[in-house]
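Reader: Please go through this two-chain model with me, one point at a time. I would like the cut-offs stated along the way.

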Amino acid sequence: MTSTSDPASGPRPHWVSQLGDARRGKFSGNLSAFGRALRRAGVPVDASRIALAQEALQCVGVAHKQDVGAALEAVLVSREQDRIVFREMFDAFFRDPELAHQLLARMVPRAAREAGPPRTRPRVRAALAPPTAGQPRAESDVELDAAMTASDLARLKEADFNRLTANEYALVQRLAQDVALPLPTVDGRRTCAGWRGPRVHWGRTLRAAARHGGDVMILHRLQRRPQPLPLLVLVDVSGSMERYARTLLAFLHASTRHVRAGGQTLPVNREVFAFGTELTYLGAAFRLADTDAMLLAAGDLIHDFAGGTRLGDCLVSLRRQYSRCLVGRRTIVLIVSDGLDTGEPEDLARELSWLKRRSRRVLWLNPLLRFDGYEPSARGAAVLHRMADAMLAVHNVSRLQELAGAIAALMKR
Amino acid sequence: MASAGASAAPAGLPPGLDSIDALMTALEARAYFADRRLATAVFLALRLGRPLLLEGEPGVGKTELAKALAGVLGRDLLRLQCFDGLEQREALYEWNYAAQLLHLRAADGRMPAGDLEQEVYQPRFLVRRPLLQALQAPAPGAVLLIDEVDRADEPFEAFLLEYLGEYQVSIPELGTVRATVAPVTLLTSNRTRELNDAVKRRCLYHWLDYPDRERELAIVRALVPQAPEALARQVAAFVQQLRTAPYDAHFQRAPGIAETVEWARALVALDTLVLDPEIVVDTAGILFKQRDDVAALDPALVSGALRSAEQAVA
C-alpha cells in the first residue's frame, strides 16, 4: 500500500490549513464557501456539485495543491469561459479567503445592486398607475423609432438600453404576435411518422400488422421533419442607430423565438450579436424569456452603445471567435444597420464576402429606407448594398409585415 | 486504513491504476501524453463513475484519449459518432424489420395473433447500436465514446441525459436493459453550439488545450520515431509558434496535434533534415486545410516564425 498520498502523514503545506481538515468538519464548510464565491462570480455551481467536489477531493487527496485545483476544476467548471475565473478564484481563495471576498466585492457590481431597493419595471409601474384617457391605439404605421413613440422624456435623455415603457412593450408584443416572421424551414434529417414520404415506417407498420394476424393493411410512412434554418443576427448599436436598436432587438427577440411549420412550433437556433466599435455576443441575454430582462442584460453586456460603427472589424472578430456559429452554409444572416460605417470599405467588402460564402443569405435591414429617395451612397452603405442579397426596410409596422413576405420570396430564389 | 481515504479501487478499475501518476504512466505507454490536469479529470471520472465531457479545438486529441483509455483499461471502445439528425434507432437499437416480416409470413396461420406478436419481438430480431451495446458489454465493460455530441440536436441530448443518469434503457417490447458494468463514458464537443446545462451538470468537464512544446515533442517522438531528433524539435517549436501571437492572427485555424504529426511524417518522407522556409511553404497543405491559411503562410512569415522558434528552443 502506498502511503505517500496520505494527507495525514508528513508536514502539511501551509495552504492545506486554509482548506481545513475533513475530520474536523472545517473542510466542507470551506468548500461550500468556495462554491458560493464562485457562484457570485458568475460560475454556475450548485449544491450537488459541491457534494461531488468533496467526493473528488477524497479520491485525489489534498497533498498537492495542483491536483486539488485540477480536481475541483473538473467538477465545478463546465464552460470554457469559466476556467480563468475559476483559477484566479482558486488561487486567491486558498491563499486568503478574506482577500478573495474583498476582491469579489470589487469585482461583482451585481451584489451591490441587489442590496438596494428593488426597482420596479416601467411597465409594472404603468400597469399600477390609474388609466389615462385617450390612450392612442397602435396602428399599422406606428413608427419603430423609439424617439418618436416614447413619451417619457427622462428616458430619452438617458439614451441607453433601457427597459421598455408600457406602450413600447405592448407594441413589441403585438408585433411579435401579428407579424409572424415565417423564417424558412427545410426538410430536416430527422423523421417523424406520417402519411407521405419515401420511407416506410416499419415499426409502426409491423405493430399494426401484428394486430391483424400479420397482414399489412396500411403502410405507415416516415416523413422528414421541418427544421428552421439557423439565424445569425447582427444589430448595429452605434450612435446613428440608437433610436432603432432597442425596439428592433426587442422585436427580434420576441418574433424569432419559434417558427411554425407543418402544425408544429419549432425552436429557432439563433445567435445574436451587437456591433458598434466592437462585437458583443448577446446569446446569454437572448436566452432569457422575458423581453425586458433581455434588454437589461444586453445593456449590461454592450459597452460601446451609441458609439461609432466599425462593421469590418466586428466581422473579423466574428470570424476569429465565433465562426462556429455558421454551420454548413445554412445560416440566414440579418444585418440590422444604417450602413454608416467608419471603417475601411475594402476590409468590410472582404469580410462580407467571407460571411456570404459561409451563409445561405445575407439580408440587410436598413431603417434609413424610410426616407424617400434614399441612396446607399455612404462608403459602408455602398459596400453593404453591393454585397448583401437584399436591402429591406424595417422602420414601421407595415414594413415589418412586408419583411416577412420578402424573406420568404428571397429564400425561394 | 479507512482514515487514509478511499484506497481500494472501485469495481471496474484495474489494479495498478490507483493514482493519477499511475494513470499518466499507463496512458504514456499507449503513446498518449496527458498533462496532469487532464489525468486528474480522467482519474476522477473513473473513480466517481461520471461521464467526462471533453471540449477543445479540433485536433487536440479528444478522440485519441478515448482510444488510449480503452487500451489502458482493457475494455472495448464503442464509438457513437453524432450527426445532425441522429435518431434513437441509429444510436440505441432498431428492430430487424425485414427478418420480422419474413418470420411473420412463415408463422402465418399457425398461431393466434397475440402469440405472433410475442414471436417477432425476440432479442434475436434486435439490431443493437452503440449505446445499447455499451450496456450489454460483458465484463470488464466498455469505453463509450459519444463523439461530437454538439452535432446532434437537443432532443437527442435530452435522451442522453436519461441514459447517462441511469445507464439503463427500456425497450417497450422486451423490458428494461440495465448495464452489467457501467461503461466509462467520454463525450466530446467542438462547441458548434452550447450543450444543455443539465447534460453538463451530469458530467465532469475538461477543456483540452493545445499541448506545450515539451509534450508535443514527446508526441512527435513517439508517433514518428523515424524523425531525426533535431527535426522533431524544430517541428514542435515551429508549430508552437504558429499557435501563439503574433503568428496566430494570420490564420483562421491553428494546426492541431494531428496536423503536427502528419507534417512530421511528410517531412520524413521528403528526407528533410532541417526546416527551411521553402520546404515549409511547399508542405503548407498538411498544416492548414483552408486556402486562405495556406496562402497566408508566405516565406517571410515562415522565416520569422522559424527564427522565433529557434530562440524559444534556445
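Reader: In chain B, what share of the contacts with a separation of 6 or more joins residues 24 or more positions apart?
Author: This is a predicted model, in which local features need pLDDT of at least 70 and side-chain atom pairs count only at pLDDT 80 or more, while totals for chains, interfaces and linings use all residues. Residues are numbered from 1 along each chain as its sequence is written, and chains are lettered from A and ligands numbered from 1 in the order in which they are written. Two residues are in contact if their C-beta atoms, placed from the backbone, lie within 7 Å. Among contacts in chain B with a separation of 6 or more, the share from residues 24 or more positions apart is 75%.

Reader: And what is that share in chain A?
Author: Chain A has 19 helices and eleven strands; helices (H or I, at least four residues) and strands (E, at least two) are DSSP runs, numbered from the N terminus. For chain A, with a separation of 6 or more, residues 24 or more positions apart supply 73%.

Reader: What percentage of the residues of chain B count as buried?
Author: A residue is buried if 20 or more other C-beta atoms lie within 10 Å of its own, exposed if 12 or fewer, and partly exposed in between, with C-beta atoms placed from the backbone. Chain A has 413 residues, of which 35% count as buried. Chain B is built with 16 helices and nine strands, and of its 314 residues the buried part is 38%.

Reader: What is the mean pLDDT of chain A?
Author: pLDDT is the predictor's confidence in each residue, from 0 to 100. It stays under 50 over residues 1-12 of chain A, with eleven contacts beyond four places in sequence, and also over residues 130-162 of chain A, with 48 such contacts. Where pLDDT is low, the predicted coordinates should not be read in detail. In chain A, 70% of the residues reach 70 or more, and the mean is 73.

Reader: How many nonpolar residues are on the side of chain A that touches chain B?
Author: The contact takes 35 residues from chain A and 38 residues from chain B. On chain A, α3 (47-60), α4 (65-76), β1 (185-194) and α12 (202-211) each supply at least two residues of that side. Ala, Val, Leu, Ile, Met, Phe, Trp, Tyr, Cys and Pro count as nonpolar, Asp, Glu, Lys and Arg as charged, and the others, Gly among them, as polar. The side of chain A holds nine polar and ten charged residues, and its nonpolar residues number 16.

Reader: At roughly what angle do the axes of α1 and α2 of chain B cross?
Author: Axes are lines fitted to C-alpha atoms, for helices over the stretch in contact, and angles run from 0 to 180 degrees between N-to-C directions. Angles under 35 degrees count as roughly parallel, over 145 as roughly antiparallel, 65 to 115 as roughly perpendicular and the rest as oblique. The axes of α1 (residues 20-29) and α2 (residues 36-48) of chain B come within 9 Å and cross at roughly 105°. That makes α1(B) roughly perpendicular to α2(B).

Reader: Which residues of α2(B) make this contact?
Author: The contact divides into six nonpolar, one polar and one charged residue. From α1(B) come I20(B), L23(B) and M24(B), and from α2(B) come R36(B), A39(B), T40(B), V42(B) and F43(B).

Reader: Which residue of chain A is in contact with R191(B)?
Author: R191(B) lies in the loop between β8 (184-189) and α9 (197-202) of chain B. It is partly exposed, with 14 other C-beta atoms within 10 Å. Leaving aside neighbours within four places in sequence, R191(B) is in contact with E55(B), D150(B) and R324(A).

Reader: What is phi of A31(B) near?
Author: Most residues other than glycine have a negative phi, and most peptide bonds are trans. A31(B) is in the loop between α1 and α2 of chain B and has a positive phi, near 60°.
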